[in-house]
Amino acid sequence: MELMQAIYSRRAVREFTAESVDEKTLRQLIDAAIQAPSAVNEQPWLFSVVLNKELLSRISHEAKTHMVKTTPAGLLSHSRHFQEIRNDPTFDIFYHAPVLIVISALAKSPWVVEDCALAAENLMLAARALGLGTCWIGFSQGWLGTTEGKAALNLPPAYLPVAPIIVGHPKSTPASVARQEPKINWIRQ
């Protein structure tokens, strides 16, 4: 798949088949991720690859509970998606994907979020090019940043989990979403 085709066709996938993703493919995705630029070329990232279904389920439950406890009540009541999550104890925030890759970095660097986000985008585009689906699961970030969340990922305390990306074989390709015209401020002189 051409790069532009991957960019224009990449979508957040939330329905996966039960098929696993092999280690060779996961290593390809991580290799694509580490090709991303990083501030002063620190390449600070650490990749936690969760394949264990019981652990994925536990993280989903803990992250959902944490999110409901820590999200302001007003936001919970105004978001249909938050309401669905809160009202459905069986809701899996990872949508039963077979893999969770969490991109983390040492929290001391001022650019860890940017560095990890760039790596995440490379990973997601590479996955699309290989026919896989991905989705950044922001709902899990709060809990993964706790002492318990870091322990679940075997992360040292000084690391910050930034980009939790689920990966799997999509059941179908989500439809394209219309994009707004970009706001461009042309400065010519």
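Modeller: First, a definition. Buried means under 20% relative accessible area, exposed means over 50%, and partly exposed is in between. Keep in mind that this is a predicted model.

Biologist: OK. Is Y95 buried or exposed?

Modeller: Y95 is buried, because its relative accessible area is 14%, and the cut-off for buried is under 20%.

Biologist: Where is Y95 in the chain?

Modeller: Y95 sits in the loop between helix 5 (80-87) and strand 2.

Biologist: What about its backbone? What is phi of Y95?

Modeller: Phi is near 55 degrees for Y95. That is a positive value in a residue other than glycine.

Biologist: And Q43? What is phi there?

Modeller: Phi of Q43 is near 45 degrees. It is positive too, and Q43 is not a glycine. Look for Q43 in the loop between helix 2 and strand 1. Q43 counts as partly exposed, because its relative accessibility is 41%.

Biologist: New topic. Which residues of helix 2 are buried?

Modeller: Helix 2 spans residues 23-33, and its buried residues are T25, L26, L29, I30, A32 and A33. They cover an arc of only 160 degrees around the axis, so they lie on the same side of helix 2.

Biologist: Which exposed residues are on the face turned away from that buried side?

Modeller: That face carries E23, K24 and R27, which are exposed.

Biologist: What covers the buried residues of helix 2?

Modeller: The cover includes strand 1 (45-50) and strand 2 (99-106). Helix 6 (112-129) and strand 4 (159-168) are also part of it.

Biologist: Which residue caps the N-terminal end of helix 2?

Modeller: D22 does. One of its side-chain oxygens lies 3.1 Å from the backbone nitrogen of K24.

Biologist: Now the surface. Which residues form a nonpolar patch there?

Modeller: L3, M4, I7 and Y8 form one. Together they have about 450 Å² of accessible area.

Biologist: Pick I7. Where is it, and how accessible is it?

Modeller: I7 is in helix 1, which covers residues 3-9. I7 counts as partly exposed because its relative accessibility is 39%.

Biologist: Last one. Where is T173?

Modeller: T173 is in the segment after strand 4. T173 counts as exposed, because its relative accessibility is 54%.

Methods
Residues numbered from 1 in each chain as written. Predicted model: local features only at pLDDT ≥ 70, side-chain atom pairs only at ≥ 80, totals over all residues. Heavy atoms only, no water. Patch = residues over 30% accessible without salt bridge, like charges linked within 9 Å, V, L, I, M, F, W, Y side chains within 5 Å. Areas by Shrake-Rupley, 256 points an atom, 1.4 Å probe, with all protein chains shown as cover. Salt bridge = Lys/Arg side-chain N within 4 Å of Asp/Glu carboxyl O. Helix = DSSP H or I, 4+ residues; strand = E, 2+ residues; numbered from the N terminus. Buried < 20%, exposed > 50% of the residue type's maximum accessible area, 1.4 Å probe, protein only. Arc of directions from axis to C-beta. Contact = heavy atoms within 4.5 Å. Polar contact = N/O pair within 3.5 Å; in protein donor to acceptor, adjacent residues only side chain to side chain.
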